[in-house]
Amino acid sequence: MEQALDMVHYCKNDKSVKNNAVVAIIDTKFDLSEIKDGDLWVNTKEIPNNGIDDDKNGYVDDVNGWNFVEKSNNIQTDQLCSHGTIMLNAIDDDGLEIMPITALEDDGEGTTSSIIKAIKYAEKNGADICNLSIATYEDNKELQKVIHQSNMLFIVAAGNMGEELIPENKCYPACYKEDNLITVAACDVDYNIIEESNYGKDYVDLAAPGDGISINLANGEETIAEGTSYATALVTRVAALLHNRILFEHDVKDIKQLILNTVSKKENVSGKVNSSGILNMNHAIEELEIVKNKLR
């Protein structure tokens, strides 16, 4: 990851970088101080704090996102290390715009209807990538439909029940077979699927780091992240950074295939994830640079 980020943290005069991927994070409330200066998505059609729905989209003062639980623009939390805050910490990077959307309670509980509304909100407001570090046993056809019809790339968690996902045992949205959806399991430093992570070659695409990762938060606190939520957020970050560097006309399927075609193949995950591999950002960036050079 560090080698690849050296390649991605480009000079400002690098005209090959579009520098504009918008990433929707649908989660709990967030500590917005985790977002780097200038990286917070802004609804430019809305005048802040005037109590008026200026853009007439049904949401009053949704300058930086919306809270579909409280039905307000309050997406900020004082809760230390909220789930949404950890996702922000993992995803935010130079050149990305973060669109924080609250659809879950502070304890991670929520309704599928709130998630559907959040996805529609992100789509309407121009998000390119959508992070869904959530899992439910409810097979909601409307949720699958809104994902299927979206132009966004969805990065979703396999879930933390420690189970094999098979046709007789599914969770969602992980088990929706959509061309614009990547399902992520969590692995440890030795490339083993961690005990609490779901897996299954029929539905899970790849694995990414998600075991005992030390995180320094903007407030000076340190916390440990683990599980498929964090692994999913890392894949989201990579997908967004790749989006910024693709020169040719593309859709989200190209980014998905680039990520899956450049995994590090590991025997430890063979038969447990469809690609038999671990996220490898370095390989993805190198492959993209080869394509870019051919186009020049």
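This report walks through salt bridges, cysteines, backbone features and a charged patch in a predicted model.

## About the model

The structure is a predicted model, in which local features need pLDDT of at least 70 and side-chain atom pairs count only at pLDDT 80 or more, while totals for chains, interfaces and linings use all residues. Residues are numbered from 1 along each chain as its sequence is written, and side-chain values use heavy atoms, with hydrogens and water left out.

## Salt bridges

A search of the whole structure finds seven salt bridges, a salt bridge being a side-chain nitrogen of Lys or Arg within 4 Å of a carboxyl oxygen of Asp or Glu. One of them joins D93 and R237, whose closest N and O atoms are 2.9 Å apart. This pair links distant parts of the chain, since D93 is in the loop between α2 and β2 while R237 is in helix α5, 144 residues apart. (Helices, H or I of at least four residues, and strands, E of at least two, are DSSP runs numbered from the N terminus.) D93 counts as buried at 2% relative accessibility, and R237 is buried as well, with a relative accessible area of 15%. Here, buried means under 20% relative accessible area, exposed means over 50%, and partly exposed lies in between, with a 1.4 Å probe and protein chains only.

Another salt bridge is formed by K120 and E142, with the closest N and O atoms 3.8 Å apart. K120 lies in helix α3 and E142 in helix α4 (residues 141–148), so the pair ties together parts that are 22 residues apart in sequence. K120, at 44% relative accessibility, counts as partly exposed, and E142, at 35%, also counts as partly exposed. The side chains of E289 and R245 meet in a salt bridge too, at 3.4 Å from N to O. This pair links distant parts of the chain, with E289 in helix α7 (residues 281–295) and R245 in helix α5, 44 residues apart; R245 counts as buried, at 4% relative accessibility.

## Inside helix α5

V235 also has its place in helix α5, and this residue is buried, with a relative accessible area of 0%. Although V235 and I182 are 53 residues apart in sequence, their C-alpha atoms are 8.8 Å apart in space.

## Cysteines without disulfides

The structure holds zero disulfides, where a disulfide is a pair of cysteine sulfur atoms within 2.5 Å. For C175, the closest cysteine sulfur is in C171, at 5.0 Å, which is too far for a bond. C175 is buried, with a relative accessible area of 5%, whereas C81 is partly exposed, with a relative accessible area of 27%.

## Backbone features

A cis peptide bond joins Y172 and P173, with omega at about 5°, and P173 lies in the loop between β4 (153–157) and β5 (181–187).

K71 has a positive phi, near 55°, in a residue other than glycine. K71 is located in the loop between β1 (21–27) and α2 (83–91), and this residue is exposed, with a relative accessible area of 62%. S276 likewise has a positive phi of about 55° although S276 is not a glycine, and its place is the loop between β9 (264–265) and β10 (277–278).

## A charged patch and a loop contact

E105, D106, D107 and E109 form a negative surface patch. Patches are made of residues with over 30% relative accessible area and no salt bridge, with like charges joined within 9 Å and nonpolar side chains (Val, Leu, Ile, Met, Phe, Trp, Tyr) joined within 5 Å. Accessible areas come from the Shrake-Rupley method with a 1.4 Å probe, and for residues only the protein chains shown count as cover.

D251 is found in another part of the chain, in the loop between α5 (228–245) and α6 (252–261), and D251 is partly exposed, with a relative accessible area of 39%. The C-alpha atoms of D251 and N151 are separated by 7.9 Å, although the two residues are 100 residues apart along the chain.

Notes
Lys and Arg count as positive and Asp and Glu as negative; His and the chain ends are not counted. The place of a charge is taken as NZ of Lys, CZ of Arg, CG of Asp or CD of Glu.
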